[in-house]
Each structure stands twice: as structure tokens, then as C-alpha cells.
Amino acid sequence: MGAWSARHRKTAVFGWLLFVVLAAALGTVHGSTKVTDAESIPGQVSRAARILDEAGLKSPAGETVLVQSSTRSADEPEFRAAVGQVIAAVNGTGQAAEVRSPYDTKAVSADGHSALVMVTLKGDPTEAVEHVRSVLDAVAGVQEQNPDLTVVQLGDASSGKWMQDQFKNDFARAEWTAVPLALGILLVAFGALVAAVLPVVLALTAFVAAAGLVALSSGFLHTSNDASSVMLLVGLAVGVDYCLFYLRREREERAAGRDAATALAVAAATSGRAVLVSGVTVVVAMAGMFLTGIATFRSMAYATIVVVITAVLGSLTVLPALLSMLGDRVEKGRVPFLARLRRPDAAQTGGRFWNAVLTPVLRRPLAATVLAGAFLLALAAPMLTMHTANLTFQQQLPRGNALVAASQKIEAAFPGSPGPATVVIKAADIDSPAMTAAIADLKAKALASTLMHGPVEVAVHADRNVATVDIPLNGTGNDATSNDALKSLREDLVPATVLKVPGTEAPVTGRTAGSYDFNHKMTGSMPLVFAFVITFAFLLMLTSFRSLAVAVTAVVLNLLSVGAAYGVLTLVFQHGVGASLLGTAGVGAVESWVPLFLFVILFGLSMDYHVFVVSRIKEGHDRGLPTRAAIAHGIRSTAGVVTSAAVIMVAVFAVFGSLSMQVMKQMGVGLAVAVLIDATVIRGVLLPSVMTLLGDRNWYLPRWLNWLPDLSHGESVPPPGAGRALHAQPAAPAEGARHRRAEV
């Protein structure tokens, strides 16, 4: 691929640009089809959504306006007047389908100082989110007129609007922060503007093309907002890293005295192969998420796979073409101060820091293995207490948010879960006496239960033979109390009442049900996903290096880095240790999908470094170096590029850790910590110490595995200067014959 691109430079470059433009344009024209509620969460929640969809029913967006006073009771004239102002103001917006007074619904707190105005907005939930701003402004106007009262609004549309706006703002912030960060780090790494810009431009074009392809194919595999975030996160990180590996090797070969064509051929055969293997590993790891059966995971997996394949394609085609065009001009725009900081021999010696680390590690490998292993196991220990849940919007939003404050005030005045469970009843005859009696019995049993409370609201759609029963649950919505209430409703109350009527379905949905079903499905599928990813990563390493020890070592070291990331995630976001440094607090749980996502993405991404480093070690061993010398050579010669790549990944992921949404924080911090551990403790200490202890056993392959295909590149790297006689114009090798001779 590298040779073809170098011979057909214009075709490769302009073909890439055409591909990016076409993919982006077609994706924009097609638009994105998002995952629906019926797809997003499995179990009873999915069935309930399908029943409502088939009946043509959309759950309207409900809003709640709290009117509260610390001194006045709800019966006093001033308080009643404020409630009247709220009702009039909301009706005046023209966006309310129904506004119910607390004096009609009896929604007055036990102490008499709080009341709830219940608002149902027009249209479906999506339309309500778009039009809720006028209602929010109307309620804010009433608050201004009554400064001695608390008048706040909370509901599906208002929280959805905030999250939609915040997601857009966070996404834009991530783009505008991560890209300059990556560019700055590359500028320090290369000391030249052109060399620094190349990886960033290729990564961004890969992301743009992948985004277009995902949108274009979203008709048959729906996408989501989370998938877009993940695609930017992973696409920028791996795109820059892949180009960095390739470019640094080409520059290193040129610095060693090789002509331009030979340097490019060596980079293609070594770093290009490492990019291909690590890209395939990421794709295989992400494919494991399809086994969950959860639409959100499928969309994230697909988006990541597309962006990684696109980044690999760009690194192996357009990058060699550009390097062939530019030749040594890739060092243009050198920054004098930064250029002076770079030692000429750093690429081979690894620099002072890594030499200081590696020398004692190679001298006492057993002690280094024990100490590093113990450190990682200690970091992983909090993982044993990890609790996962679908975070409520109160947990997702940052501290001090107005919606969170409103929610806390409403829950204090009206204890109970903010989102009721909804029993969706589909019957042969919803108006039959038996079903009417069963629904009344369900309502009575729910009110009599100590796990649920009123008001229980029933909506019957006789023409569709469907009814919904909203039953508030005790608890916060995703704690043990709420889960116990849901279990009682599903397993005791519903079977004892409405399900006794023949031909009836009655799945239970709602926020608590969604969290419970999601966790149950994910927990059940995790062993299968883990086994799939570990097995295929092992087989890929085994066939790539034809070594049993290398494959086992890769899997074990990756599991250690993932475990350490889990431990830090639990410690920070569940227990709150150090959370204030990130502008957040412990929320008592880790988002349900984050651990599984971190596992598959980290298993893939960590192979970047592992394949790159071990390839260099094997390269030295194949040239005749003793194992210990090959390890020292491989670690030292890759230390600079691995450090640069890791710093870029950590910086990009840390940007996501600084965003407002709790789930973005958890994902960003988890990835940043894992990559940092992987590039330092794993690659700098554990990998060389373990391989030193194994010695020649590193390359052991049982005879019964000799049938495995040999995927090693098999080329011996020519000594510096070997290709000079073949190339009169090393800076711009263009003739196919000369390239073929250089490759030989």
C-alpha cells in the first residue's frame, strides 16, 4: 500500500480528498436516523415502547412547576394568586395542551407550603423539547413578579432541552479544545509545523468522512448522540496516533542516513504493519459490543469501527503519498526553540527519563514486576465495590445546576421517585368490566403498598385497546428502594391484577425500569463480550507474532490496565475521592455502559502501543540481537513516539473529562487514566521486566501451532545508505521501478 501510494501520489491524495468530500456531502444530505426508545433499552421497556408506537400513542412531555413559600401556606390569597399567575402565563404561551391546578389535583405538600402545577405540553416529546423555551421564560417571569416565593420548573422537556443544548456546547468545546491540544503536542514532538499539522489534518478528515458514512448508513443501523461523541473521541486519538507512528519511523530512518524511498519503504513495512494490526484489533474489540443486543452499544461500536477503518486507510495510503511528495520538506516550519530541545539521538536512546526508568527495570526485572503489579492491583481494588446504573439527569448534571436545585426542592416537598413507573396495558377489550375492575384493583394495591405512592394516574385509549397507569415509586429512581418497588410492581401487583384478564399484555416502563432492564441486559452480556474480545485479541497477537508468550502477556497486561482504570473510575465518580478536582462530586454509581465500553475500547487502543513496541523488539531479535538487548532496543527506540502518542490520547480524553455531562466525564477520565497507565507502568516497566524474565521463551510457539499463518512482514531492514545508489532524487522518488528495487 505504501509503495502504491508513493508511485501514485496524486491519485492517492486527490482520491482521499474526493472520498472525504463525497462521504460528508452524502451523509449531510441523507441525515442521521437516531435510535428509538423501542430499540434503545431491551426487556419490558422495549415492549412497552412498541405497544405505544403501534397504537400511534406518544407519551406527552410533562412539566411540573413548583410554587413554594417558607412563610405562607398554599391556602393564603397571595399564594393562590401566584399559582393563578403560573397557570395564566403557561396557557399564554400556546404550548400547553393541559394545565392542572394543584387545588384540583390535591398536589399540595404535607406541610402546606408547596404546590405543584402539572403541565402537559403539546406534541410529542421531541417537539416539546423544541418549544419548551417559551414556557420556561413564562415561569421565570412569574418568579420575577414574586421574589418572596420560589417558582421553578422541571420536567422531561426542560431537562431534555438543557441536555440537548449542553451536548451541542460540549461537543463544540471538545472539538475546539482537543484539536489545538493535539497540534501543540505534535509541534513539541516534531519541532516542525508541517510534520505536526499532517497527523491532525488526516485525523480530522478521517473523522469527517466517517461521520458522513455513519449518517449515510444510519437508515439500517441507527446512530445516537453518544456515538457521535465516541467517534470524535476515538477518531481524533487513533487518527493522530497512527500517523504519528508512521511519520516518526520515516523521520527516524531518514535521520539514520537512509534515502527517502528506502525510509518510506521501511516505515510502511514496520510502522504501517503495526498500524494495520492495531487497527484490526480495535475493530475486533469494538465488534464485541454487537453481542450485547443493545442498540446504543451497536451504534457506538459501528461508529467507532467506521472511524478506525477510515483512519487506518488514510494512514496507509494518503500519508505515504504526502510524505513522498514532501520528502524532507516535512521538516519545514521548524520552531528554533523546540528544535533545539530535541536530542538527535533521542529516537534511538529513548531520552534521559526512559533510560533512568529502564536501566533498573532491566537490571532487576523480578522486583520491577512485583512492584508494578502490586501497584496496579491496588489501583484496581476499588473496582470490587463498583455499582452501575443509568444515571438520572440529576446525577448527569453538574453541581449547582438550576434543574438539579429544582428537582431537590420538589423531592424534599414531595418525597418519592421523580419519574413514575408506567404500566402499559394492551387488552382484547380495554373497556370490558373485567379489565376496568383489574385496573382499579391495580391502583388500589399500588396505593396500599409501602413501596409506591400516589397520585396514580390512569389514561384509557378505548379506540386502541391500550391503557397506561402511572405509579410513582419510592426512592430516587435508580437506587435499591426504587428497584425493589419496580420488582414488586412487575412480579406481584401486575400479575395479580391486569394480567389475570385473558389476552392481556402489561409491560412496565419508565426511568427506573429502563435503568433496571439496561443493567440486567448488560450484566448478562458482559461475560460473552469479554470472552469474545479477549479470545480474538489473543488470537490476533498469536498470529501476528507467532509467539504464545507474547499473546498471553498482551492479554494479561491489558487486563491489568483496564482493572486499574475501573478502580480509579469507581473511586472518583462513585465514592467521590478527588471528584472536586474535576468539578463534580461522587454520584454513587458509574454509568451502566461505561465499564463495558471502556473494556472494549481500551483493549483495542492499548494494542496500539503493544503492537508498536513488541514489533520493534521482535525486529531487533530477528536481526540477531539477544533478547535482553532486543528488549532494551525496542523500548528505547519507541519511548519517544509512545510518549508523544500517549500524551495526545490523554490530552484528548482529558478534554472530555472536563465537560459538563457526568457520563462524558466518566468516559474521558477512564480512558485518560487507562492510557496513561498503559504507556508508563505497563510499557515502561511491566512489559520489559516480564519479557526479560521470560528471555528466549518470549518467542516460543508449540509445534502443534506451526500451522498458524505467518503474518509477520518478514523483510529485513536494509542498513543505512543501502538504497542511495538506486535513487538519484531521494526527496521525490516517483518511478515505480525504483520503488520496487528499494522494497527488494
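# Reading a predicted model

Analyst: Helix α2 (residues 9–30) supplies the largest share of the nonpolar patch, 3 residues. Keep in mind that this model is predicted.

User: Which residues form that nonpolar patch on the surface, and how much accessible area do they have together?

Analyst: The patch is made of Leu18, Leu22, Leu26 and Leu216. Together they have about 360 Å² of accessible area. Look at Leu18, which is found in helix α2. Is it buried or exposed? Residues over 50% relative accessible area count as exposed. Leu18 has 53%, so it is exposed.

User: Now charges. How do I read a salt bridge?

Analyst: Side chains of opposite charge can pair when their charged atoms come close. A search of the whole structure finds 25 salt bridges here. One of them joins the side chains of Arg258 and Glu253, at 2.1 Å from N to O. Both Arg258 and Glu253 are buried.

User: Which residue forms a salt bridge with Arg616?

Analyst: Glu619 does. The closest N and O atoms are 3.9 Å apart. The cut-off for a salt bridge is 4 Å, so this pair counts.

User: Where do Arg616 and Glu619 sit in helix α24 relative to each other?

Analyst: They are 3 residues apart in helix α24 (residues 594–622), so about one helical turn separates them. Next, check burial. Under 20% relative accessible area means buried. Arg616 has 5%, so it is buried. Glu619 has 8%, and it counts as buried too.

User: Which other residue forms a salt bridge with Glu619?

Analyst: Arg623 does, with the closest N and O atoms 3.3 Å apart. Arg623 counts as partly exposed, at 47% relative accessibility. Now follow the shared partners. Salt bridges join Arg249, Glu252, Glu253, Arg258, Arg616, Glu619 and Arg623 into one network.

User: Let's go inside. How many residues has the largest nonpolar core, and which have the most contacts inside it?

Analyst: To read a core, look for buried nonpolar residues joined through their side chains. The largest core here has 200 residues. Those with the most contacts inside it are Val423, Ile425, Leu489, Phe597 and Phe653. Helix α26 (residues 662–694) gives the most to this core, 18 residues.

User: What does Phe597 touch?

Analyst: Leave out residues up to four places away in sequence. Phe597 then touches Val230, Met286, Met289, Met300, Met667 and Leu671. There is also a second, separate core, with 26 residues. Phe79, Val117, Leu121 and Val135 are among them.

User: On to strands. What is the order of the strands in the open sheet of 4 strands?

Analyst: Strands of a sheet pair through backbone hydrogen bonds, either parallel or antiparallel. In this open sheet the order is β7-β8-β6-β9, and the pairing is antiparallel.

User: Which are the edge strands?

Analyst: They are β7 (457–461) and β9 (508–509), each pairing on one side only. You can follow a bridge residue by residue: Ala459 has Thr468 in β8 as its bridge partner.

User: One last residue. Is Ala49 buried or exposed?

Analyst: Ala49 has a relative accessible area of 13%, so it is buried. Ala49 is found in helix α4 (residues 44–54).

User: How many Å separate the C-alpha atoms of Ala49 and Val201?

Analyst: They are 43 Å apart. Along the chain, Ala49 and Val201 are 152 residues apart.

Conventions
Residues numbered from 1 in each chain as written. Predicted model: local features only at pLDDT ≥ 70, side-chain atom pairs only at ≥ 80, totals over all residues. Heavy atoms only, no water. Patch = residues over 30% accessible without salt bridge, like charges linked within 9 Å, V, L, I, M, F, W, Y side chains within 5 Å. Areas by Shrake-Rupley, 256 points an atom, 1.4 Å probe, with all protein chains shown as cover. Helix = DSSP H or I, 4+ residues; strand = E, 2+ residues; numbered from the N terminus. Buried < 20%, exposed > 50% of the residue type's maximum accessible area, 1.4 Å probe, protein only. Core = buried A, V, L, I, M, F, W, Y, C linked by side-chain atoms within 4.5 Å. Contact = heavy atoms within 4.5 Å. Pairing = 2+ DSSP bridges.
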